[in-house]
Amino acid sequence: MDTNQYVAIFGGAAAGSEAAFQLSEKGINVVLFEQNALPYGKIENGLPKWHHKLRDRQEALIDERLNHSHIQFVPAVRLGKDVDIRDVSENWGFSVVLLATGAWKDRPLPVKGIEKFIGREFYYQNALSEWFNNNHDPNFKKYDYHIPDGSIVIGGGLASIDVAKITMIEPVRNALNAKGIPMDALTLEKKGVMPVLEELGLSLEKLGLKRSTLYTRHPIEEMPLTPLGENPTAEELEKAGRVRRNLAEKAMARFGFTILGSRNAVETIVEDGKLTGLVFAKDAETEGGEKTFERVLAPRIISAIGSIPEPIPGLPYAGETYRVKNYETGELEELKNVFALGNAVTGRGNIRHSQSHSRTATGNISMNFMALDDSGYEKLFNAAAESGKQTIQALFGAIDGGARCTLTEIDAINAKVDELQKKAGYEGDYQKWVDAHRPLRLEEMLEHK
Ligand SMILES: Cc1cc2nc3c(=O)[nH]c(=O)nc-3n(C[C@H](O)[C@H](O)[C@H](O)COP(=O)(O)OP(=O)(O)OC[C@H]3O[C@@H](n4cnc5c(N)ncnc54)[C@H](O)[C@@H]3O)c2cc1C
């Protein structure tokens, strides 16, 4: 074991845990800082809870990687708030610092004035997903959210279809429960909202419910719901269009929401200080050559147009993404020995870019062109882990040939780590910690009913 090499990693999910594992396998000591109690990132708080088997498999993989004697886990430490990047990279004595912090800021919906309604009549997807994944737990108080009947979603990619499903599952579940019919989100997702209602001899109309609507700027045939190569022929485009319409129609028939394409949200509708709807501009082509506007009233508006890296104070940015010196390694400008992994460099939720940044050529794996099921998400998580691995391979020379920590520096790092772990209440047993902090699982509640 080379005790003189110490690497700091921020973010412990797919990419960060794999990077930590690769380093620890080479005998390098790693301190892995994670802002949350659990290191699972989008797997825990983004992936909808009905994918629980995939979630459990992916979380077990992270546990396997992090439960390693060369890795010190430090939960509840947020880079940019609890520790400062310049301080960590310049003064703590680490050989290198890796950022695997993912994409947690919702891409702002470009509609003037909408931000002041966040958490009221307007939700963003990241908070909504966390709420939905935990709303069966009566002790979950972080978000007091509610999805009323007739909500609208703005999006178009894989994750926005899941949000549209949530906007049907929640009101139907509540309406059935209010009628004394026990129903849960997992059953409604698995069987489909409309088939469940039919089985019960009910319908949306009989429950007094309307449909939610997903508004997307693409025509339905261009919604990114199925893979398409780099330079598609007219025939491939036509075929993809048919497949996409088919997928969209199946999702609508099964879950009851409506998708309206070629519409861009342009303005808020506000009444008595409340957001009551949005004005959409319809594409000229849809309206026979003229752009038209449509006023849409809705009790809740949810934006699901993707996430970008959260700005962390002290890091160099170029728009939404970090300014990098070297795309091969993700080395950042201005800072010494600080490297970013995966999405944070490209910031597009586009794993294809992340992977080419780390020198892989695995073809078209983009957030926006994934299957609408477990396998689509599984590919994304695996690709993120792969990007962690590739980055370490690209960086290993720099780390191995780089500065070694002195014994005094090692003692100082250990003392700081110790202090932060104590502050979080972490006693050093990784598995015990994650087992104790895993949230209440809906599938387990249902099993024990
Ligand atoms: C529903 C869903 C939606 C998605 N949407 C997008 C998208 O819009 N854009 C996109 O780029 N990718 C998106 N993805 C893809 C996803 O980010 C990748 O598939 C994969 O999860 C990325 O893994 P990661 O380890 O890089 O990041 P993440 O899973 O995001 O993990 C990052 C980890 O870093 C931690 N962290 C973040 N900030 C800090 C900090 N300041 N200090 C310490 N720790 C921190 C987080 O808590 C988290 O544990 C989505 C995935 C899902 C399931």
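Three strands, in the order E10-E11-E12, make up an open sheet with antiparallel pairing. Strands here are DSSP runs of type E with at least two residues, helices are runs of type H or I with at least four, and both are numbered from the N terminus; two strands pair if DSSP finds at least two bridges between them. Strand E10 (263–271) and strand E12 (292–297) are the edges, each with a single partner strand, so one side of each has no neighbour in the sheet. From one strand to the next, the twist averages 25°. E10 and strand E11 (residues 274–282) run antiparallel and are joined by eight bridges; Ala265 has Phe280 of E11 as its bridge partner.

The model is a predicted one, in which local features need pLDDT of at least 70 and side-chain atom pairs count only at pLDDT 80 or more, whereas totals for chains, interfaces and linings use all residues. Residue numbers start from 1 along each chain as its sequence is written.

A second open sheet has parallel pairing and five strands, in the order E6-E13-E7-E8-E9. Its edge strands, strand E6 (122–124) and strand E9 (258–260), each pair on one side only. Neighbouring strands are turned by 20° against each other on average, direction ignored. Three bridges link E6 in parallel to strand E13 (residues 301–303), where Ser303 stands opposite Tyr124. Helix H6 (residues 158–178) packs on this sheet and touches strand E7 (152–155), strand E8 (213–216) and E13; the direction of H6 makes about 175° with that of E7. Such axes are lines fitted to C-alpha atoms, for helices over the stretch in contact, and the angles run from 0 to 180 degrees between N-to-C directions. Contact means that the C-beta atoms of two residues, placed from the backbone, lie within 7 Å.

Tyr124 and Ser303 are also among the residues touched by Asp106, together with Gln125, Asn126 and Ser307, not counting residues up to four places away in sequence. Asp106 lies in strand E5 (residues 105–106). Is this residue buried or exposed? Asp106 is buried, because 20 other C-beta atoms lie within 10 Å. The cut-offs are 20 or more other C-beta atoms within 10 Å for buried and 12 or fewer for exposed, with partly exposed in between; C-beta atoms are placed from the backbone.

An automatic or database assignment supplies the domain bounds: domain 1 covers 2–105 + 308–447, and domain 2 covers 108–304. Their centres, taken over C-alpha atoms, are 31 Å apart. Contacts between them involve 19 residues of domain 1 and 26 residues of domain 2. Helix H16 (residues 442–447) contributes four residues, the largest share of the side of domain 1 that touches domain 2.

Ile9 touches Gly16, Ala19, Ala20, Val30, Leu32, Leu98 and Ala100, leaving aside residues up to four places away in sequence.

E4 pairs with strand E19 (residues 338–340) in the parallel sense over three bridges, and Leu99 stands opposite Ala340 of E19.
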